[in-house]
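Grab a pencil and work through a few exercises on this model. Each one has a task and then a solution in steps.

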Amino acid sequence: MSQPDPNQPTTSGDPLLEISNMAVAYGRIEALHGISLTVNPGELVTLIGANGAGKTTTMRAISGILPLSSGRVIFDGRDITRMKAHQRVAAGIIQAPEGRGVFPGMTVQENLDMGHYARKFDSKADYDEALERVYSLFPRLLERRKQAGGTMSGGEQQMLAIGRALMARPRLLLLDEPSMGLAPMIIQQIFRIISEINQQGTTILLVEQNAQQALSRSDRAYIMETGEVIKTGVGKELLVDPSVKEAYLGVGADSGSDTSRAAAPAAGAVAGGAAGAAERPDLRK
Amino acid sequence: MSTPAAASGKPQARADQPKPAGGKEKIAIGDRFRLWWNSLSRPTQWAVGVPFIILLALLPVVRPPGISTVGTDFGGVMAQFGMIALIAIGLNVVVGQTGLLDLGYVGFYAVGAYTVGLLTSPDSPWNQTGDGGWLSAKWAWLAVLPIAVAITAISGLILGTPTLRLRGDYLAIVTLGFGEIVRLLADNLDTLTRGGQGLSQVAYPRLGESDTAMNGVFAAGYSNGGNINNGVWWFWLSLLLIVLVLLGVGNLERSRVGRSWVAIREDEDAAEIMGVPTFRFKLWAFVIGAGIGGLSGALYAGQVQFVVPTNFNVINSMLFLCAVVLGGQGNKLGVILGAFIVVYLPNYFLGRTEFLWWNINGNAIADYKYLFFGLALIVLMIFRPQGLIPVRQKLMTYGRQIWLAARGKRTKFDDNPAGSDKPGSTAAAEVSR
């Protein structure tokens, strides 16, 4: 499905993105307490965690919208810790933001054209090719070319956000909760396309609450809790890891494995009071 | 009265999302006009536009009875319209194009006017037109014009650099403060501006001096004996400047700069994430808008030959904003129409005792203009939040292509994926910055 040998984290060569001890604060409240993670070229890496774990903060810090209070971000061997957001886009870090962030008054086509704003095509042929790729991944967007972005459904807007990011030909694609607020059918479709994009060679860092879908499709994953990375490993292994199953997949708690409730570590905590609390140290191993 | 309406009206219009089409939509006149205008090729636009401008220029010369004003000189009204139109174009860059709510735009107008006043009025300690000054009395106004624009643009830079990191309401409040600060400075720097006494005998263009017109056609009190007075000349001058400014702003809009502005207006975060240096382009919009405001202020100072702080009250900012919102934020032609309405209607009623078949008290109507504009804005926000000639009709985006397709001229969208402003092909042609 994803990389040839998903059990072997690709450690050969330099990582594309390397974050070390990144801390981010909103005013005096620290949201990230020094996290470290790496993304290797060609990988699909997932960040999983409950609400408030710091996933979106991590994404915003990587794309340069939030400043770091300490730590370093290395992209492709270059220290980009102090680089502005729009310069990072030019360097190839492209984000499809949480809540989609399409331009509501622009048409689908104009939205896509904003995608390559900072990363221009060398020739018209390259542009046509990239556009064709986006439209073949998302035929729905082709149907809606002339429609204003704001008038489309949530799933279509998500497709547009991803398509727009692809028009920038990302070296690292940051996807922030692409499944948020979407119907299960659409979620399946979006994840399938994310895998496809990854297989076509785009490195992806994905933030998700939908642990089931995300873990089964990613090479590696980081599990975040209250601003820290508490566990990391190969996606499919984490999927069967008992503590992860209990906390993020809803297995082990009374409710059974319902994907819509997957991202509810709180459910685990609530389910068994002291037992839930006892589970936490386990996770940190 | 109109203040809150103008201030709160704008975000409403912005937040308004295009509605899905419910079958066949009735197209309003403003949209129809915009669709038609956008469907014309550039040469045709010129072919239509130039005669229209000439007709407009001849309006105060002919003074058709039903259109001309009775209570005040029609030439003067048109001159005022020209200046407000210029302001509306400048404010439109900031508010309409980039989506930055600026409530203190009158501050830039004041800076432009005071630059001319301070450098050319004999009342000013910085006067350069007298003995030892570097301005000749004859060319002083024209020489100071670019200086006024430059200084106003710099004031835009000074205001914008710290404040453009703020957003929405906060920016509105700060700009509101700026407008007041400029006026209060002018009022209180007595040694420099003579405060409330104002600066008199400001320079103006000395053109067409003759025995009958001692100080040229732009001087106060000039008249050729017929309809052409100094107001008409000032109107013509402002028309010329409007055309020049429109050409410049239009080119910017169609360029990468314009696309960046629209992206910032639509969603600033998304724009930043797409690699738009949002701060830089917001600053550019501010500086360009300020410069145009300063140009208009310089015109005003020259025309009335007198600058005084009370002319730069905050209510004027609201009136300017009213012109932009009324006409259609983001649409250059729309905001000019808005400026015309804002200037012409009160003056039309001034001194009139009957309207159609009613007996009216025209002076009272003119006095209550802020009330009426406030009401008009409220009604507009309910029924037509996008303004009379909006920047783009809801849903029917790419109006030009759809218009052409509807007339069977071009139905294949796929040959040129980029549409009327061709972002795709221009981007492909542009090699890295």
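**Exercise 1. Find how many bridges join strand β9 of chain A to β10(A), and which way the two strands run.**

Step 1: locate β9(A) at residues 220-225; helices (H or I, at least four residues) and strands (E, at least two) are DSSP runs, numbered from the N terminus.
Step 2: count six bridges between β9(A) and β10(A), which run antiparallel. Two strands pair if DSSP finds at least two bridges between them.
Step 3: for a landmark, look at A:Tyr222, which sits opposite A:Thr232 in β10(A).

A word on the ground rules: this is a predicted model, where local features need pLDDT of at least 70, side-chain atom pairs count only at pLDDT 80 or more, and totals for chains, interfaces and linings use all residues. Residues are numbered from 1 along each chain as its sequence is written, while chains are lettered from A and ligands numbered from 1 in the order in which they are written.

**Exercise 2. Work out the strand order of the six-stranded open sheet in chain A.**

Step 1: the order reads β6-β7-β8-β3-β9-β10, with mixed pairing.
Step 2: the edges are β6 (93-96) and β10 (228-234) of chain A, each pairing on one side only.
Step 3: from one strand to the next, the twist averages 20 degrees. Axes are lines fitted to C-alpha atoms, for helices over the stretch in contact, and angles run from 0 to 180 degrees between N-to-C directions.

**Exercise 3. Describe how α4 and α14 of chain B cross.**

Step 1: the axes of α4(B) (residues 74-97) and α14(B) (residues 332-349) come within 8 Å, crossing at roughly 140 degrees.
Step 2: that makes the two helices oblique (under 35 degrees is roughly parallel, over 145 roughly antiparallel, 65 to 115 roughly perpendicular, the rest oblique).
Step 3: contact residues include B:Phe81 and B:Ile84 of α4(B) and B:Phe340 and B:Val343 of α14(B); contact means C-beta atoms, placed from the backbone, within 7 Å.

**Exercise 4. Decide why helix α10 of chain B counts as largely enclosed.**

Step 1: a residue is buried if 20 or more other C-beta atoms lie within 10 Å of its own, exposed if 12 or fewer, and partly exposed in between, with C-beta atoms placed from the backbone.
Step 2: nine of the 11 residues of α10(B) (256-266) are buried, so the rest of the structure largely encloses this helix. Among them are B:Trp261 and B:Ile264.
Step 3: for chain B as a whole, 48% of the 433 residues are buried.

Terms used. Contact = placed C-beta atoms within 7 Å.
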